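Welcome! Below is a short tour of a few local features, with the sequence and the coordinates alongside for you to follow.

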Amino acid sequence: MTKADLVFTNGPVHTGDPARTRATSLAVTGERITAVGHDEVRELIGPGTEVVDLDGKLLLAGFQDAHVHAVFGGAELAQCDLTGTVGVDDYLDRIRAYAAAHPERAWITGSGWSMESFDGGLPTRQLLDSVVPDRPVYLTNRDHHGAWANSRALELAGLTRDTPDPADGRIEREADGTPSGVLQEGATGLVARLIPPSTAADRLAGLHRAQQLLHSLGITGWQDALLGVFNGQPDPSDAYHAAALDGTLTARVTGALWWDRERGAEQIAELVERRAALSTGRFRAGSVKIMQDGIAENFTAAMTSPYLDGCGCATANSGLSFVDPDALRSHVTDLDALDFQVHFHALGDRAVREALDAIEAAVAANGRRGNRHHLAHLQVVHPDDIARFARLGAIANIQPLWAAHEPQMDELTIPFLGPERAAWQYPFGSLYRAGATLCAGSDWPVSSPDPLAGIHVAVNRMEPDATDGRVFLPEQRLALTSAIAAYTAGSAHINGHPDAGTLQPGHLADLVVLDQDILTADPLTIADTKVERTYVGGQLVYNRN
């Protein structure tokens, strides 16, 4: 009998296999699982076997993030960080301190401010001028759909009261039309294009920084949701390709190639070439990202009916569809025929419907090709469209951390959706009961990349640190096993790894050890759980100790 390289004993082991959900021991030989069971697995222990005594800690399949911007997130870790607070004075102190610490930087850049910190969600250029008057400042908000710029940055970009809004964005303005300092969606690129570009070395360092963080959270693979040039942001593709070639990419990564919404079908041939050129080692570029709409908080998510104003009356604005729906159906049909997966940003109910219509057109034209098209975000889903996911084989890519009461939801979203639409938000439970396949991701650096925090909210529909006990749409809660499956088997499925995501003989030994058994713990303590170890292909890539 061939002895194993690695054996875990003294479980629990949550397999994710419906035929046998729990075990106590697991063996790994090479990069694959060779046995799952109980005491009999110990027979595979030989003189060269590493034995890990779980001592009651939980062994799971490694988490996979189905929607993340890892290189961008890793780069931002080295910039001005405004996360972890909502205090305006805190923001200004951090910006002032960062500028003082980096006198060599021509631009002050960073991210993480929250719309809830400012009246109407809109900070001003004058606030930034008060701490950095002499250098341009450009700071994206936590959802990365808007940016805050100081007067110097707006001046360098040539933005005045006479500058028109771009078709895919909006310049927020003062009473006389002067840009106020906030840029929404495509308008961010008017300033971002001037920021000194990162180097290939910067991007590779950002990837390595991100990979270290994601492994520490139990993540063994992910789908990077934007590979291309977007609103002045550089293309991170070269970082993945370089890391895959030199062996420093230890995660399994799928890249979603950016669909340029200013162009049409002529770009498809280029996408085919990029897929072939980039895919190597543990990196594959077989997905295409189509951003169909914006976000609800700045009224750019595409809705089937208008947003309300502060008085509860209907406005003339129903959001933006960035790609014409007729063209979208044609493009998705063409991409599907070439065996691309399509990764949609679809947040409003009209965008969700347009994406589902495009998948339906592709299925009608090409048959079911198994390309695992998926819709990310799904903030508002019309009840009439819930059942279409399972019928079309469209996968629901959920970001659970957003499905909770917090100021941005309660003050900047619900009042402008109205009670009926507000009750359609993040319908995880309804999608699951209707037979949809779920996968899960974080959208980091928009929100925390911690899968355990996401699982906590999916199960409880409350933020991990919530103290008021309010549950956001409790009927949409997921069972814990379903939430775990979304972050493991579901995300492995959309990332093209059918031999990952569950712990079965023959599957990849992508594993995570948690410091408590979340399946028997108080559900309100899920987010308190820590990752002890992470393995990819049987190799230890993170050890807490």
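In which strand is Ser287 found? Ser287 belongs to strand β17, which covers residues 283-291. Please keep in mind as you read that this is a predicted model.

Is Ser287 buried or exposed? Its relative accessibility is 0%, and because buried means under 20% relative accessible area, Ser287 counts as buried.

One is the side chain of Gln223, in a polar contact of 2.9 Å. Another is the side chain of Gln341, where the polar contact is also 2.9 Å. Setting aside neighbours within four places in sequence, Ser287 is in contact with Gln223, Thr254, Gly255, Ala256, Leu257, Phe340, Gln341, His343 and His374.

## Thr85 in its loop

Next, please turn to Thr85, which sits in the loop between β9 (80-81) and α2 (88-101). Thr85 has 15% relative accessibility, so it counts as buried. A polar atom of the Thr85 side chain lies 3.1 Å from the backbone nitrogen of Gly87.

Not counting residues up to four places away in sequence, Thr85 touches Asp90, Tyr91 and Arg94. For a sense of scale, Thr85 and Val13 are 72 residues apart in sequence, and their C-alpha atoms are 37 Å apart in space.

## Cysteines

How many disulfides does the count come to? The count comes to zero. Cys313 is in no disulfide: the nearest cysteine sulfur, that of Cys311, is 5.9 Å away, whereas a disulfide would need a pair of sulfur atoms within 2.5 Å.

Cys80, at 2% relative accessibility, counts as buried.

## Helices α9 and α10

How are two packed helices described? They are described by the angle between their axes and the distance between the axes. Here, helix α9 (residues 325-337) packs against helix α10 (residues 349-366) at an angle of about 45°, and their axes are 8 Å apart. The crossing of α9 past α10 is right-handed.

How values were computed. Residues numbered from 1 in each chain as written. Predicted model: local features only at pLDDT ≥ 70, side-chain atom pairs only at ≥ 80, totals over all residues. Heavy atoms only, no water. Helix = DSSP H or I, 4+ residues; strand = E, 2+ residues; numbered from the N terminus. Buried < 20%, exposed > 50% of the residue type's maximum accessible area, 1.4 Å probe, protein only. Polar contact = N/O pair within 3.5 Å; in protein donor to acceptor, adjacent residues only side chain to side chain. Contact = heavy atoms within 4.5 Å. Axes fitted to C-alpha atoms, helices over the stretch in contact; angles between N-to-C directions. Left-handed = near helix turned anticlockwise from the far one by under 90°.
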